[in-house]
Amino acid sequence: MLRHPVTTRFAPSPSGPLHVGHLLAALSARRLADRHGGRCVLRIEDIDARAQDPHWVELMHEDLDWLGLHFDGETMVQSRRMPLYAATLHELHRRGLLYPCFCTRGDIRAQLRDMGRAPHATLGYLYPGTCKKLPPDLVAERLAAGLPHCWRLDMERVQDLIGCPTWHDLRRGTQRCVPTLYGDVVLGRKDFPASYHLAVVIDDAAQGVNLVTRGRDLFDATHIHRAIQGVLGLPVPLYDHHMLLCDNEGKRLAKRDGARSIASLREAGMTPAGLLDSLARALENGGIWRI
């Protein structure tokens, strides 16, 4: 099933210090690549303004050097690729696959309450398609007035074009993507030409990534990415959605848990070998991480 040569990637968003969850993702990608004689590339996902602080980028590189983690080829930096994302967004608009949405998050929550619909558990609020039904003259009027808006991908049209294609997860087997399942996702905003969903699909293809390793919290998002790959005619990688690290109560370790950052553990005297050993024990213990 694996395609050779294997190319994996580590793609952190440096909006704060790297934590042990990042380490699990980096190690999973690096070790899979090494096991199959392949490559592991590095991508800095900094399209969010919060991830463009040079301090966090510098600290990220310090952490990776301290851990002895190395990557192959040039590092890709998303903030340098905005023109490419904008051009892709323009092409999707030209094909009639995007529409402007003027709803705020508060608007959407209110609409869903009125409809008696609950938000999706992992991908946020399912957009009910309100702005897709607006008359063209009203849309033109709002755009001309400069009203804040985002651009949503019309998943009904996408499904008409590509049907329900498959993708393969190494842990869960073959999956069928139903583009309409998660609603019309945001691909860009008026002043920001890329969402995570758009950028990650374009960049995986550009870096030749054919095996995406990432946490299982992103499993549902892969259905969206498969739909975007289909409509853009991009290669479809294999996926490996690994476990997430948790504390003793089963709570997922996240970036907000500052005491578990790589930098804080380093400053507390932990060695790279000690940290890697604790991670190995966590994996043997169902993802429960203890120091």
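Two strands pair if DSSP finds at least two bridges between them; strands (E, at least two residues) and helices (H or I, at least four) are DSSP runs, numbered from the N terminus. This is a predicted model, in which local features need pLDDT of at least 70 and side-chain atom pairs count only at pLDDT 80 or more, while totals for chains, interfaces and linings use all residues. Residues are numbered from 1 along each chain as its sequence is written, and side-chain values use heavy atoms, with hydrogens and water left out.

**First stop: the sheet**

Select Leu-98 and then Leu-153 in S5, which is the bridge partner of Leu-98.

**Second stop: the nonpolar cores**

Keep Leu-153 selected and display its surroundings. Which residues are in contact with Leu-153, leaving aside neighbours within four places in sequence? They are Leu-97, Leu-98, Val-158, Asp-184, Val-185, Leu-187 and Ile-228, where contact means heavy atoms within 4.5 Å.

A nonpolar core is a set of buried Ala, Val, Leu, Ile, Met, Phe, Trp, Tyr and Cys residues joined through side-chain atoms within 4.5 Å. Buried means under 20% relative accessible area, exposed over 50%, and partly exposed in between (1.4 Å probe, protein chains only). The largest nonpolar core has 32 residues, and those touching the most other members are Tyr-85, Leu-92, Leu-98, Leu-153, Met-155 and Leu-187. At least two residues of this core come from each of helix H3 (82–94), strand S5 (150–153), helix H6 (155–162), H7 and helix H8 (219–232). A separate second core of 27 residues includes Leu-42, Leu-64, Leu-67 and Leu-245.

**Third stop: the salt bridges**

A salt bridge is a side-chain nitrogen of Lys or Arg within 4 Å of a carboxyl oxygen of Asp or Glu; by this rule there are 13. Select Arg-43 and Asp-204, whose side chains meet in a salt bridge at 2.9 Å, N to O. Arg-43 belongs to strand S2 (residues 39–44) and Asp-204 to helix H7 (residues 196–206), 161 residues apart. Are these two residues buried or exposed? Arg-43 is buried at 0% relative accessibility, and Asp-204 is buried at 4%.

Next, select Arg-266 and Glu-62, a salt bridge with the closest N and O atoms 3.8 Å apart. Arg-266 lies in helix H9 (residues 262–267) and Glu-62 in helix H2, so this pair ties together parts 204 residues apart in sequence. Arg-266 is partly exposed at 21%, as is Glu-62 at 37%.

**Last stop: the cysteines**

How many disulfides does a search of the whole structure find? The search finds zero, a disulfide being a pair of cysteine sulfur atoms within 2.5 Å. For Cys-150, the nearest cysteine sulfur is that of Cys-101, 4.3 Å away. Cys-150 is buried, with a relative accessible area of 5%.
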